[in-house]
Amino acid sequence: MAASVELVSATKSFGGWLKRYRHPSGVLGCDMIFAIYLPPQAEQQDVPVFWWLSGLTCTDENFMQKAGAQRVAAELGVAIVCPDTSPRDTGLPGEDDSYDFGSGAGFYINATRAPWNRHYHMYDYVTEELPALVRETFPVNGRESICGHSMGGHGALVCALHNPGRYAAVSAFAPIANPVACPWGEKAFGGYLGEDRSAWTQWDASELIRAHGCDLPLLVDQGDADNFLHDGQLRPEGLQQACSAAGVDLELRHQPGYDHSYFFIATFIEDHLRWHAAALTRAG
C-alpha cells in the first residue's frame, strides 16, 4: 500500500470490498478521495478495472451507493474505480457558486485559464495520476475500460478518444456528447479554457470523432424522458452524426420513459458491465 494513501472507509459487499481512500494529488494541488470496489477474485489474482466517471454535483460515492453495480462486478471479477468529479476546497473565488462550474464540475479537462489552471486538471488526474496510484496500490492487471454518466459520459468518451489502445471498451449514459454546442459546455469551456472556441474542440467527443474517428465501438444509453435531453444539453444527435460521417460503430439506445437519474443507470448498468467485461477478457 502506497504510504500516501489513507483508508477512509471499508465495507464488505458481495464477497468483495468497497473502500474509499484519501490521497494528496500533485496534479490538482489538493487532497482527493476516490472509491474502489475490489471483487472477491482480487484476493487471489489481479483483476481488470472498470473506470466510472460521474456527472455534475456528484462525488465518488454516488455511483457506488446508487447504481447497484457491485453484484455484477463481483460475478465478473472486475474492479470499479470512481474518482471524484473535481478538485475540492482549493479556495479559488467562485468555486462553490454554481452547480455546473467549479466544485463538482471539473468536466474532465485540463484548465488553461487563470485561476482555474492552478488546480483544475481533471483529465490528467483521471488518465495519469490516479491510474498510476491504482496500479501501484491494488491487485489490478493493467486491463482497463471506461464509462460515465452525463458530464462523466463526456469525460469517458474524451479520455478514450485521446488514448487509442488504452481502454478495452468505452460506453456512456446520457453523455454531454457535443459540449461546444450546449449551455453547460459553453459555460465550463469558456471558464476553464477561455474564449477561443477552437481550443474547445479537443474536449468534445463529437468534434474529436468527426476529425479523427474512433478505434472502438461505442455503446450509449439515453433516456427519452430526460429533461436535459429536451433542454439541448446532451445533444446525442451530434455524436450520432459524427459517428455516421466517420464510419464509427455507435450503438445509441433510446430508452423509453427513462430520465437522467440513477434509476436509469441502475436499470442498464448490468448491460454495460457485461459488455465491458467481454472486451476486457478479449484484451487479455
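**Sheet, helices and aromatic contacts in a predicted model**

Nine strands make up an open sheet of mixed pairing, in the order 1-2-3-5-4-6-7-8-9. Strands here are DSSP runs of E with at least two residues, helices are runs of H or I with at least four residues, and both are numbered from the N terminus; two strands pair if DSSP finds at least two bridges between them. The edges are strand 1 (6-13) and strand 9 (250-255), each of which pairs on one side only. From one strand to the next the twist averages 20 degrees. The model is a predicted one, in which local features need pLDDT of at least 70 and side-chain atom pairs count only at pLDDT 80 or more, while totals for chains, interfaces and linings use all residues. Residues are numbered from 1 along each chain as its sequence is written, and side-chain values use heavy atoms, with hydrogens and water left out.

K12 stands opposite W17 of strand 2. Two residues lie between the strands of this hairpin, where F14 takes a positive phi near 50 degrees. Elsewhere in the sheet, strand 7 (residues 170-173) and strand 8 (residues 218-223) pair in the parallel sense over four bridges, and V170 has L218 of strand 8 as its bridge partner. Helix 8 (residues 236-246) lies across strand 8 and strand 9, running at about 155 degrees to strand 9. For such angles, axes are lines fitted to C-alpha atoms, for helices over the stretch in contact, and the values run from 0 to 180 degrees between N-to-C directions.

Helix 6 (205-212) has A205, S206, L208 and I209 as its buried residues, buried meaning under 20% relative accessible area, exposed over 50% and partly exposed in between, with a 1.4 Å probe and protein chains only. These residues cover an arc of only 165 degrees around the axis, which puts them on the same side of helix 6; the arc is that of the directions from the helix axis to the C-beta atoms. The cover over them includes helix 4 (151-162), strand 8 and helix 8. At the N-terminal end, helix 6 is capped by D204, with a side-chain oxygen 2.9 Å from the backbone nitrogen of S206. After helix 6 comes G213, whose phi is positive, near 75 degrees.

Aromatic rings of Phe, Tyr and Trp (its six-membered ring) pair if their centres lie within 6.5 Å; planes under 30 degrees apart count as stacked, over 60 as edge-to-face and the rest as tilted. By this rule the count is 18 aromatic pairs. The rings of Y123 and W203 have their centres 5.2 Å apart and their planes at 65 degrees, so this pair is edge-to-face. Y123 lies in helix 3 (residues 122-137) and W203 in the loop between helix 5 (183-193) and helix 6, so the pair ties together parts that are 80 residues apart in sequence. Both Y123 and W203 are buried. The pair of F189 and W200 is also edge-to-face, because the ring centres are 5.9 Å apart and the planes stand at 75 degrees. F189 belongs to helix 5 and W200 to the loop between helix 5 and helix 6, 11 residues apart. F189 counts as buried at 0% relative accessibility, as does W200 at 3%. One aromatic cluster is formed by W52, F63, F173, Y258, F264 and F268.

The loop between strand 5 (79-82) and helix 3 holds F101, which is buried with a relative accessible area of 11%. The C-alpha atoms of F101 and A188 are 5.9 Å apart, although the two residues are 87 apart in sequence. Contact means heavy atoms within 4.5 Å; leaving aside neighbours within four places in sequence, F101 is in contact with E95, W116, K187, A188, G191 and Y192. T90 has its place in the loop between strand 5 and helix 3 and is buried, with a relative accessible area of 15%. Not counting residues up to four places away in sequence, T90 touches E95 and H119. D89 lies in the loop between strand 5 and helix 3 and has a positive phi of about 55 degrees although it is not a glycine. At 74% relative accessibility, D89 counts as exposed. The peptide bond from A114 to P115 is cis, with omega near 0 degrees.

Note on methods: A polar contact is a pair of N or O atoms within 3.5 Å; within protein, one must be able to donate a hydrogen and the other to accept it, and residues adjacent in sequence count only if both atoms are side-chain atoms.
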